[in-house]
Amino acid sequence: MSATPVTVTVTGAAGQIGYALLFRIASGQLLGPDTPVKLNLLEIPQAVKAAEGTAMELDDCAFPLLRGIDIFDDANAAFSGTNVALLVGARPRSKGMERGDLLEANGGIFGPQGKAINAGAADDVRVLVVGNPANTNALIAQASAPDVPAERFTAMTRLDHNRALAQLSKKLGVGLDEISKLTIWGNHSATQYPDLFHAEVGGKIAAEQVEREWLENDFIPTVAKRGAAIIEARGASSAASAANAAVDHVYDWVNGTPAGDWTSAAIPSDGSYGVPEGIISSFPVTSENGEWKIVQGLEIDEFSRGRIDASVAELVEERDTVATLGLI
């Protein structure tokens with residue numbers, strides 16, 4: 001077991017996703033069973049007391065890997081020495097709020113957090129943005145941290161990836177372990193594109209095992225709009241499943257993806273597949289030695305090209321909006 005604990009900072013720690021996430025981290029599921037962790041919880045002042053209650057519960061679990069908990073309402077203190085930053089807290093979209101207003105409001109959160117990461121995080125810091133609109137919030141934080149390598153800023157599309165796996169598993173009546181090479185392309189929004197044309201089930205292309213009508217009119221919209229369906233059903237947004245996806249994303253980033261398979265993550269584009277360089281977009285990715293790499297050489301058919309382009313166009317529009325607002 002490593003003697004030095006890894007410092008993990010979680011923002012919005014008293015919220016529903018934070019609550020579902022913290023116990024998973026403390027138990028060793030984020031980084032592995034041999035890696036001790038220290039938790040830094042960042043909250044707004046009025047939520048610090050709730051975070052203190054969560055910290056009490058974490059203590060009461062007596063997790064062997066948990067080496068300490070600190071609670072902050074100051075970003076600079078919370079990110080000091082951070083190795084893994086999970087940016088969960090964000091400004092939710094309220095009724096009648098334009099997307100530009102939402103981006104501007106979140107700029108006031110993720111810009112200062114990026115500056116704090118730049119000022120005090122550990123040299124090996126890895127950042128996952130969970131709070132929506134996640135891709136562009138990650139871009140804002142990245143732009144505010146010029147001394148941190150750009151590829152250290154990522155956004156979460158693993159939840160979409162996991163949702164797609166589950167829908168395909170149900171449709172074909174197969175175990176999840178029989179599905180590989182599934183991809184989410186683009187934005188973590190309703191424009192995202194879950195791709196079955198490279199996914200395999202039992203070694204055969206998944207798109208060839210389902211009806212085209214189901215793929216276009218059931219599978220894609222179900223995955224893309226799953227978050228809204230959950231809000232409609234339970235009166236609250238996805239929490240445990242989002243926390244689970246964050247754990248999956250960081251675990252694979254640190255420990256590597258399985259040989260012969262890939263996953264989905266929103267990372268800074270290098271221009272691959274026609275996605276403008278610098279946009280934080282979801283791609284098929286592998287992780288090796290702690291670095292994400294975009295899977296190369298996939299043939300993109302006309303249908304997939306149109307879907308990918310539409311989602312990327314939304315990301316470009318968001319980037320241009322935050323640039324106009326002076327956030328990047």
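I began with the interface of domain 1 and domain 2, where I found eleven residue pairs in polar contact, both residues of each pair being at pLDDT 80 or more. I note that the model is a predicted one. I then looked for salt bridges across the interface of domain 1 and domain 2, and the rule finds zero.

Next I looked up which elements build the side of domain 1 that touches domain 2. Helix 1 (16–26), helix 4 (99–120) and helix 5 (134–143) each supply at least two residues to that side.

I turned to the area of the interface. The size of an interface is often given as the accessible area lost when the parts come together. For domain 1 and domain 2, I noted about 2500 Å² buried between them, with 63% of it on carbon and sulfur atoms.

I checked the bounds of the two domains. The domain assignment places domain 1 at 6–155 and domain 2 at 157–320. Their contact takes 30 residues from domain 1 and 33 residues from domain 2. The C-alpha centres of the two domains are 23 Å apart.

I then considered the whole chain. I listed ten helices and 14 strands in the chain. Its C-alpha atoms fill a box of roughly 50 × 45 × 40 Å along the principal axes. I asked how the radius of gyration agrees with that of a compact globule: with 328 residues such a globule would have a value near 20 Å, and the chain has 19 Å, which agrees.

I returned to charged pairs, now in the structure as a whole. Side chains of opposite charge can pair when their charged atoms come close. I recorded eight salt bridges in the structure. One of them joins the side chains of Arg158 and Asp252, at 2.9 Å from N to O. Arg158 lies in helix 6 (residues 158–172) and Asp252 in helix 9 (residues 240–255), so the pair ties together parts that are 94 residues apart in sequence.

Last, I examined the backbone. Most residues other than glycine have a negative phi, and most peptide bonds are trans. I noted that the peptide bond from Asn132 to Pro133 is cis, with omega near -5°. Pro133 is in the loop between strand 5 and helix 5. Lys181 is not a glycine, yet I found a positive phi of about 60° for it. Lys181 lies in the loop between strand 7 (179–180) and strand 8 (183–185).

Notes:
Residues numbered from 1 in each chain as written. Predicted model: local features only at pLDDT ≥ 70, side-chain atom pairs only at ≥ 80, totals over all residues. Heavy atoms only, no water. Domains from an automatic or database assignment. Contact = heavy atoms within 4.5 Å. Buried area = accessible area lost by both parts, 1.4 Å probe. Salt bridge = Lys/Arg side-chain N within 4 Å of Asp/Glu carboxyl O. Polar contact = N/O pair within 3.5 Å; in protein donor to acceptor, adjacent residues only side chain to side chain. Helix = DSSP H or I, 4+ residues; strand = E, 2+ residues; numbered from the N terminus. Rg over C-alpha atoms; globule rule 2.2 N^0.38 Å.
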